[in-house]
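Open the model in your viewer and keep the selection tool at hand. The stops below say what to select next and what is there.

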Amino acid sequence: MSEPRTILDHNKLFDSEKYVRQRERKREFENACPEEEVLQTAAYTRSQEYADKNFARQAVVVNPAKACQPLGAVMAALGFEKTLPFIHGSQGCTAYFRSHFARHFKEPVPAVSSSMTEDGAVFGGMRNLIDGLETSVALYKPEMIAMSTTCMAEVIGDDLSAFIGNARKEGVLPEGMPIPFANTPSFSGSHITGYDNMLKAILSYLYERSSGQAVDPASSGKLNVLLGFEPYTGNFSELRRILELFGADYTVLGDHSGNFDSGADGTYAYYYGGTRLADVPDAANAQGTLALQKYSLRKTAEYIGETWGQPVKSLHTPLGVAATDRLLETIGEMSGRPVPEVLLQERARVVDALTDSHNYLHGKRVAMAGDPDLLLGLIGFCLELGMEPVHIVCSNGDAEFAQEAGLLLSSSPYGAEGKVHIGRDLWHLRSLLFNEPVDLAVGSSHLKYAAKEAGVPLLRVGFPIFDRHHLQRYPIIGYQGTLNLLTLFVNTVLERLDEDAPAHSFDLVR
């Protein structure tokens, strides 16, 4: 019987003598800097002098806490039933979007590309687009194709409306198949801009093409709900639970939770769940629309308010007790129903949990990075616990966000040291971590390198989270989400206490 093989993980494997020698030879071949110089330079990048130069830079972006527009457009497209995202651009861009989502959600992501190459950049991509549409219909049999663009198509000025019209003339599309499209250049905006552009394009297209058709009379009493660029499938489940406890009749516009959280039953389908296409025209007759991400739904909310003529209530991501209170009050006002007793009981339990843990979190200094709506929610949550949000970095934030975040910080003595940095990146945040230290960092997996180097625990909240599993399945909104966030925060602090504790303070009970 053969001896069992010892399989080393990558940490131990690359510390073995073979790989150490290989790295040394590689350094000689590359004529690398001496190790001492590397260490000196690394130390200098942690200094205040370097931080001043870092914040003075204008023309270079290093590790921004955002992605590009078409990535958001893909998420928006996957929020509708049997809809295939079609990216007019190169295969490499599409592979990036698919892998980004697959690494976060741990799910396959259906999306196709017109596969533009150098020829398309010179002569235009119409032929690629038409051939791609024909192939997509034949292979994947979607009921709708939602098209967005990348840098290449935008720079050469491809006309999507004309190209789709020519595809219809050539007969490559089934009669009446909806093909909404949005221009989503990667060199402007971010993933939340692309999400907004694509969602608005889908809603306006489906509504306008159905003009004059019969409307379901029951839709007039419904409530429309939009979650925005939502990386937590658990938030969809939690919001549905809350609405159903209210007894509210609702339609989620853009429900991508099924596509990003499908089961394993031995078969695979291209499409899971999503908002029914037929529900969109009826949504125009709803009594109102509730948007849970005001900054990633600006154009969509404006369209609904102006074109559909219904009231729109826009909130930021409802994290924490106060923000959840506002959410429930808003649902109550829009639905005409009282807050259910079961939710009031949940609130009491969460307040009790916050009381149990606040002594470990009170006064902790926090750095955070992410999207505008998420950061507003995190700031409010931290202030409720007496934590101090010190560094708030929002790569895709604007002046309106900065003003709103500033007002929120000024509403509490715990926000007195808080500074909002819009248009900055994670390399800026690295300088802040070294020169104005904090106790905790909150953000995506991209923040792990700076946090580890600065010796700060990272709480992974937001998008993308590549290096931890299943966090996206747990809600972070509502009272239940508040409890989940609290659990993550306080246990991270307790874990650090245990790691740093001397033998005489290694407590069993905390």
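**Stop one: a loop residue**

Select Asn-63, which sits in the loop between helix 4 (48-56) and helix 5 (69-77), where helices (H or I, at least four residues) and strands (E, at least two) are DSSP runs, numbered from the N terminus. Before going on, note that this is a predicted model, in which local features need pLDDT of at least 70 and side-chain atom pairs count only at pLDDT 80 or more, while totals for chains, interfaces and linings use all residues. Residues are numbered from 1 along each chain as its sequence is written, and side-chain values use heavy atoms, with hydrogens and water left out.

The phi of Asn-63 is near 55°, a positive value in a residue other than glycine. Asn-63 counts as partly exposed, at 33% relative accessibility; buried means under 20% relative accessible area, exposed over 50%, and partly exposed in between, with a 1.4 Å probe and protein chains only.

**Stop two: another positive phi**

Now select Ser-115, in the loop between strand 2 (112-113) and helix 7 (118-123). Ser-115 is not a glycine, yet its phi is positive, at about 55°, and with a relative accessible area of 24% Ser-115 is partly exposed.

**Stop three: a buried serine**

Move on to Ser-445, in the loop between strand 11 (440-443) and helix 20 (448-454). Is Ser-445 buried or exposed? Its relative accessible area is 6%, so Ser-445 is buried.

Show the side chains of Ser-445 and Asp-467, which are joined by a polar contact of 2.5 Å (a pair of N or O atoms within 3.5 Å; within protein, one must be able to donate a hydrogen and the other to accept it, and residues adjacent in sequence count only if both atoms are side-chain atoms). Leaving aside neighbours within four places in sequence, Ser-445 is in contact (heavy atoms within 4.5 Å) with Arg-460, Pro-464, Ile-465, Phe-466 and Asp-467.

From that list, select Pro-464, which lies in the loop between strand 12 (458-460) and helix 21 (478-500). The peptide bond that joins Phe-463 and Pro-464 is cis, with omega about -5°.

**Last stop: the whole chain**

Finally, show the whole chain, which has 21 helices and 12 strands. Buried residues make up 50% of its 510 residues, and the C-alpha atoms fill a box of roughly 75 × 65 × 65 Å, taken along the principal axes. Of the contacts with a separation of 6 or more, 75% come from residues 24 or more positions apart.
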